Amino acid sequence: MYNYAQLSVGFPWGMFFALRGKMKTYHKILKNELTRGDHAIQNKAKMGMLAVPFLLAATAANAQTTSIQQVHSTDNAGSASTTIVGLPTETNGDATLDLSLYGDFSWSGGSGTPAETLTVFVDGVNVGVIGPTGIDCGSAVNFNLAVDQATLAPLIADGQLDVSYQASSSVNNFCGSYNGSPSGVSFVVSGTITYDGVTGPAAEEQIAGFMENRARALVQNQPDVMRFVDGRTGGRLNVEVSQGSGSIDFATGGRGPVWATLTGSSTKLEAGNDQSYFLGSVGTHLSFGNNSIIGAMLQVDKAVQEFSNGDKVEGTGWLVGPYFAAQISEHPLFLDGRLLYGKTDNKFTPDGGATDSFDGDRWLAMVNLKGRVEMEHFTMFPVVAVSHVRDMQDAFTNSSNVDVASQGIEQTEVALSLDFEKPIPSRDLVLSWGLSGIWSDTDGDVASSSVIGNHNGWRGRIDAGLNYSNGAGLNAGLNAFVDGLGEDDLESYGLSLTLDFQF
């Protein structure tokens with residue numbers, strides 16, 4: 001995807017690798033030799049000249065500073081290295097290395113003897129030379145090096161950097177101990193690296209999480225078309241509140257043939273991430289007798305997800321396709337299904353950065369089977385629900401001129417439920433409860449495979465509620481639920497309030 005900077009000509013790489021002995025750097029340098037022309041930064045920053053602009057970069061909005069561990073060498077013309085982990089994986093700005101240098105670095109060159117300097121490498125890429133300091137074995141001297149965003153971007157994708165140093169041939173090991181180092185050192189170096197314009201996790205990761213949550217919301221907010229054949233022909237207005245989420249649901253009444261619904265939800269996700277979702281649907285159908293319909297629907301939705309680090313992903317889209325609903329034979333058994341295809345128009349805005357746009361497409365397939373069994377003291381409703389969503393993101397180039405690869409997620413759920421109702425006629429109340437076993441599978445490709453929450457396998461859910469009907473079209477219900485039973489990575493619980501108006 002990226003081009004990598006070539007390394008400076010003339011450096012004794014065989015000796016460098018032998019001294020360093022780190023296979024990760026060797027692997028990255030091999031990749032660096034493939035492309036990128038000559039993009040190495042050879043900025044020999046002189047002390048004081050860049051202090052003001054680098055200070056501004058370090059204190060700019062969304063800057064992040066990380067320490068670089070102190071290392072030393074006790075060899076003549078020695079080398080040393082350290083690895084920084086837990087770094088941001090994407091940035092909209094440059095990076096600054098602020099290094100403190102001690103050792104044999106007084107000689108500025110001349111008489112055929114090279115200057116006493118230290119060459120700095122980041123993941124094997126030469127990012128500049130520091131020194132000489134003008135003094136031998138005295139106090140440490142600070143130097144600054146800049147690494148531009150184009151060079152930095154491909155190196156930080158794994159969240160870590162190898163920082164290594166190679167002394168020139170005239171640097172000798174006669175200095176004493178410094179800041180806890182042993183005696184007889186050729187150099188001691190430490191410092192910090194500051195990222196400017198940090199955006200947190202890579203765009204691919206944020207977008208993958210957004211698509212996973214949008215797919216789940218799309219299924220949860222689907223309009224009910226079984227109501228056109230199972231006798232529930234009135235309109236409804238549902239208002240639901242629960243721990244971390246709330247939803248509204250309005251639907252027109254009657255058997256059609258034209259209908260419309262509007263649903264919305266707000267969900268609090270893990271790690272302080274929040275998503276709001278709205279879905280509007282319109283449809284029309286033809287009736288075949290009193291117990292079956294075939295029609296087509298159009299859906300338009302909008303999802304907005306805000307991440308805890310300030311990033312934001314939002315998308316609008318549409319889906320269109322056929323649906324059906326029918327009562328099977330003369331039995332109180334009902335079936336509905338739909339197959340929808342659509343497009344999405346999305347935006348990703350890193351915290352403090354420019355907004356990037358990208359397109360996508362998706363599929364939704366869904367089938368529901370519901371029965372009704374009258375028992376002596378209660379009514380039982382066995383339900384089987386199957387859904388599958390595929391959401392694809394097209395490749396795009398972001399505002400930092402970094403390519404973001406295409407990726408997709410697929411989410412399948414099968415829910416097996418037994419719901420129960422027991423009327424309390426003297427109070428116009430109905431007691432309800434239910435048990436569900438939900439098998440889910442979420443898979444991703446490319447970047448999404450490593451970041452989406454794969455809740456693969458079975459989990460359980462328990463519902464219990466109380467419903468009231470005044471016999472004139474008004475219904476109200478209070479329901480408590482616990483979801484995620486048996487699943488270590490998924491658990492939710494709360495209350496829902498439902499108001500239903502038949503008109």
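Student: What share of the 503 residues in the protein chain is buried?
Tutor: Buried residues make up 46% of them. Keep in mind that this is a predicted model.

Student: How many helices and strands does the protein chain have?
Tutor: Five helices and 27 strands.

Student: Which strands pair with β18?
Tutor: Strand β17, residues 333-349, pairs with β18, residues 356-371. Strand β20, residues 379-393, is joined to β18 as well.

Student: How many bridges are there between β17 and β18, and in what sense do they pair?
Tutor: There are 16 bridges, and the pairing is antiparallel. One example is D336, whose bridge partner in β18 is N368.

Student: And how many bridges join β18 to β20?
Tutor: 11, and these two strands also run antiparallel. Look for D361, which stands opposite M392 in β20.

Student: New topic. How many cavities of 30 Å³ or more does the structure hold?
Tutor: One. The largest cavity has about 30 Å³ of space.

Student: Which residues line the largest cavity?
Tutor: L101, Y102, G103, T133, I135, C137, G138, S139 and V141. Strand β4, residues 95-103, gives the largest share of that lining, with three residues.

Student: How does the lining divide into nonpolar, polar and charged?
Tutor: Five residues are nonpolar, four are polar and no residue is charged.

Student: Last one. Of the contacts with a separation of 6 or more, what share joins residues 24 or more positions apart?
Tutor: In the protein chain, such residues account for 66% of those contacts.

How values were computed. Residues numbered from 1 in each chain as written. Predicted model: local features only at pLDDT ≥ 70, side-chain atom pairs only at ≥ 80, totals over all residues. Heavy atoms only, no water. Helix = DSSP H or I, 4+ residues; strand = E, 2+ residues; numbered from the N terminus. Buried < 20%, exposed > 50% of the residue type's maximum accessible area, 1.4 Å probe, protein only. Contact = heavy atoms within 4.5 Å. 1 Å grid on protein atoms, 1.4 Å probe; cavity = no way out; pocket = protein on both sides within 12 Å on 5 of 7 lines; lining within 4 Å. Points joined across faces, edges and corners; volume = space filled by probe spheres on them. Nonpolar A, V, L, I, M, F, W, Y, C, P; charged D, E, K, R; others polar. Pairing = 2+ DSSP bridges.
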